[in-house]
Amino acid sequence: METDTFIQQWIETIDIRKVQKSDLPALEWDGEFTRFREVYLMEFERSQIGSSILWVADKPGIGVIGQLFVQLNAERQELANGHTRAYMYAFRIRPAYRNAGLGTRMMQVMEEDLRRRGFCWVTLNVGKTNYAARRLYSRLGFRVVAHEDGRWSYRDDKGILQNVEEPAWRMEKFISRVL
Ligand SMILES: CC(C)(COP(=O)(O)OP(=O)(O)OC[C@H]1O[C@@H](n2cnc3c(N)ncnc32)[C@H](O)[C@@H]1OP(=O)(O)O)[C@@H](O)C(=O)NCCC(=O)NCCS
């Protein structure tokens, strides 16, 4: 009980807010995700025209310790269709801060925001071998609905095209009634 209270108090000190341009270097996590520099910049630009919402968890005195992106609109309408269905991705918490409820809290904030915008479904892809993340999503009410071949490509920070293949499960969750 005391541990729960401590963790609850800890989570309340974390500011879950929208990404600002000045946060972009912090999303590279000391070099681990430098290859996604262009991807993050493009996503930030999409967020500025209202196509996506980029969340970060900001710990006072430390900085960005988590991130969660949401596309409101995607070419693939089964993932995000601009008004009822949104797609979450690029979700990660810094290793030292995992398993203390922060990921769950970020997902709650994201869902509350989508509900207010009138969205009623959230979709995501989880790697087939990412058992821990899948367990978390199942606990939060997501269900597997399809297989995804997980093929995508991006241009890295050196301008080189990188092809990724990560077979995944598509999961989705109903978050509210259509008004
Ligand atoms: C997936 C990820 C974002 C989850 O973030 P997190 O902050 O660890 O998430 P939570 O702490 O809310 O939940 C993780 C587990 O900790 C447990 N937990 C939560 N609060 C807890 C607490 N107070 N005490 C002990 N355990 C707790 C949860 O029950 C959960 O267990 P479960 O999944 O078996 O249900 C994080 O593990 C991560 O960054 N992983 C690497 C990147 C990744 O795989 N991203 C997902 C891509 S699809």
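Is Asn163 buried or exposed? Asn163 is exposed, because 8 other C-beta atoms lie within 10 Å, and a residue counts as exposed at 12 or fewer. The points below concern a predicted model.

1. Asn163 belongs to strand 8, which covers residues 161-165.

2. Ligand shell. The ligand is surrounded by 18 residues, and the closest are Arg98, Gly101, Gly103, Thr104 and Leu136. By class, the shell divides into nine nonpolar, five polar and four charged residues. At least two residues of the shell come from each of strand 4 (85-93), helix 3 (102-116) and helix 4 (131-139). Helix 4 gives the most, with five residues.

3. Helix 3, geometry. This helix has 15 residues. From its first C-alpha to its last it reaches 21 Å, close to the 21 Å expected at 1.5 Å a residue. Gly118 follows helix 3 and has a positive phi, near 90°.

4. Helix 3, burial. The buried residues of the helix are Leu102, Gly103, Met106, Met107, Met110, Glu111 and Leu114. Gly103 is also among the residues closest to the ligand. The charged residue Glu111 is on the buried list as well.

5. Strands 2 and 3. Strand 2 (residues 52-59) pairs with strand 3 in the antiparallel sense, over eight bridges. Within this pairing, Ile53 stands opposite Val70 of strand 3. The hairpin formed by strand 2 and strand 3 has three residues between the strands, and Gly61 in this hairpin takes a positive phi near 85°.

6. Strands 3 and 4. Strand 3 also runs antiparallel to strand 4, and five bridges join them. Strand 3 (residues 63-71) is mostly covered, with seven of its nine residues buried.

7. Nonpolar core. The largest nonpolar core has 31 residues. Those with the most contacts inside this core are Val70, Ala86, Met88, Met110 and Leu124. The elements that contribute two or more residues to the core are strand 2, strand 3, strand 4, helix 3, strand 5 (121-127) and strand 9 (168-174). As background, nonpolar side chains tend to be buried together in soluble globular proteins.

8. Met110. Leaving aside residues up to four places away in sequence, Met110 touches Trp55, Leu68, Val70 and Met88. Val70 and Met88 are, with Met110, among the residues with the most contacts inside the core. Val70 is also the residue that Ile53 stands opposite.

9. Asp30. Asp30 is not a glycine, yet its phi is positive, about 55°. The residue is found in the loop between strand 1 (15-18) and helix 2 (37-48). Asp30 is exposed because it has 9 other C-beta atoms within 10 Å, and the limit for exposed is 12 or fewer.

10. Ala90. A positive phi of about 50° is also found at Ala90, again not a glycine. Ala90 lies in strand 4, whereas Asp30 is in a loop. Ala90 is partly exposed because it has 17 other C-beta atoms within 10 Å; that count falls between the limit of 12 for exposed and the 20 needed for buried.

Technical notes: Residues are numbered from 1 along each chain as its sequence is written. This is a predicted model: local features need pLDDT of at least 70, side-chain atom pairs count only at pLDDT 80 or more; totals for chains, interfaces and linings use all residues. A residue is near a molecule or strand if its C-beta atom, placed from the backbone, lies within 6 Å of it. Helices (H or I, at least four residues) and strands (E, at least two) are DSSP runs, numbered from the N terminus. The expected span of a helix is 1.5 Å times one less than its number of residues. Two strands pair if DSSP finds at least two bridges between them. A nonpolar core is a set of buried Ala, Val, Leu, Ile, Met, Phe, Trp, Tyr and Cys residues joined through C-beta atoms within 7 Å. Two residues are in contact if their C-beta atoms, placed from the backbone, lie within 7 Å.
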